[in-house]
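Welcome! Here is a short tour of the aromatic rings, the nonpolar core and the surface of a protein chain. Have a look at the sequence and the structure before reading on.

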Amino acid sequence: MKMLNSFVLFSGGIFGIINPLNMIARNMLGSVQFGIATMQFGGVDIGYLQNVTVDFAFDVAQLYSGAAIYPVDVRTHTGTISGTAEFADLTSIAFQKVLGGTRNLDTITLSDTDFPTSWSLSTTVVTDSITFKITFNKARSTSMSIPFSRDSHLIPSFGFQVESDASGSVATIDIGDIS
């Protein structure tokens with residue numbers, strides 16, 4: 001029997017169960033690495049990414065009772081999803097979404113009032129014919145690095161932070177057949 005596991009993250013909590021990422025207490029952390037990803041804006045693919053890493057982090061508060069050395073309760077109170085990626089196919093519209101600015105064909109003009117805009121991100125990795133996919137509804141860049149080198153291709157990389165969208169939805173995670 002095949003089991004297809006999927007769950008949705010919301011800003012108010014998690015719908016479903018999340019523990020495929022080996023979360024650990026105190027700063028519960030998980031990291032997932034992907035081979036490829038697609039940036040989308042308005043439902044249209046605007047860029048292709050490689051070497052994508054997604055980090056899940058949760059801050060917890062621990063409640064102790066009396067002389068106990070271990071907490072009697074642990075509550076998660078904030079969480080973040082962030083990551084890094086490299087461009088596999090550099091397009092001017094994806095570059096503009098990551099940096100901000102105004103785009104005219106293949107030229108981007110930055111001013112002192114321009115901010116990066118949000119976009120969605122779909123990451124996929126296939127291992128032994130099993131597809132693991134995360135679709136983030138809204139992401140925004142936090143940094144960008146452009147290496148200039150004489151002996152290699154231009155492969156800009158950037159960091160990003162995931163946000164909840166207007167409906168409170170954060171991501172859809174399709175784990176695939178893990179039976």
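Phe 158 has a relative accessible area of 3%, which is under the 20% limit, so this residue is buried. The model you are looking at is a predicted one.

Which residue forms an edge-to-face pair with Phe 158? The partner is Trp 119. This pair links distant parts of the chain, with Trp 119 in strand E8 (residues 119–127) and Phe 158 in strand E10, 39 residues apart. Trp 119 counts as buried too, because its relative accessibility is 2%.

Phe 87 belongs to strand E5 (residues 73–89) and Phe 158 to strand E10 (residues 157–163), so the pair ties together parts that are 71 residues apart in sequence. Phe 87 has a relative accessibility of 2% and therefore counts as buried.

Here are the two pairs side by side.

| Ring pair | Centre to centre | Angle between planes | Type |
|---|---|---|---|
| Trp 119 and Phe 158 | 5.8 Å | 90 degrees | edge-to-face |

The model has 5 aromatic pairs. Ring pairs join Phe 87, Phe 95, Trp 119, Phe 158 and Phe 160 into a cluster.

Let us turn to the core. The largest nonpolar core has 27 residues, and those touching the most other members are Met 39, Leu 49, Phe 136, Phe 158 and Phe 160. At least two residues of this core come from each of strand E3 (27–41), strand E4 (44–63), E5, helix H1 (92–99), E8, E9, E10 and strand E11 (169–177). Which element gives the largest share of this core? That is E4, with 6 residues.

Finally, the surface. Leu 90, Ile 146, Phe 148 and Leu 154 make a nonpolar surface patch of about 410 Å². One of these residues, Ile 146, is found in the loop between strand E9 (130–145) and E10. Is Ile 146 buried or partly exposed? With a relative accessibility of 34%, Ile 146 lies between the 20% and 50% limits and so counts as partly exposed.

Key: Residues are numbered from 1 along each chain as its sequence is written. This is a predicted model: local features need pLDDT of at least 70, side-chain atom pairs count only at pLDDT 80 or more; totals for chains, interfaces and linings use all residues. Side-chain values use heavy atoms; hydrogens and water are left out. Rings of Phe, Tyr and Trp (its six-membered ring) pair if their centres lie within 6.5 Å; planes under 30 degrees apart count as stacked, over 60 as edge-to-face and the rest as tilted. Helices (H or I, at least four residues) and strands (E, at least two) are DSSP runs, numbered from the N terminus. Buried means under 20% relative accessible area, exposed over 50%, partly exposed in between (1.4 Å probe, protein chains only). Patches are made of residues with over 30% relative accessible area and no salt bridge: like charges are joined within 9 Å, nonpolar side chains (Val, Leu, Ile, Met, Phe, Trp, Tyr) within 5 Å. Accessible areas come from the Shrake-Rupley method with a 1.4 Å probe; for residues, only the protein chains shown count as cover. A salt bridge is a side-chain nitrogen of Lys or Arg within 4 Å of a carboxyl oxygen of Asp or Glu. A nonpolar core is a set of buried Ala, Val, Leu, Ile, Met, Phe, Trp, Tyr and Cys residues joined through side-chain atoms within 4.5 Å.
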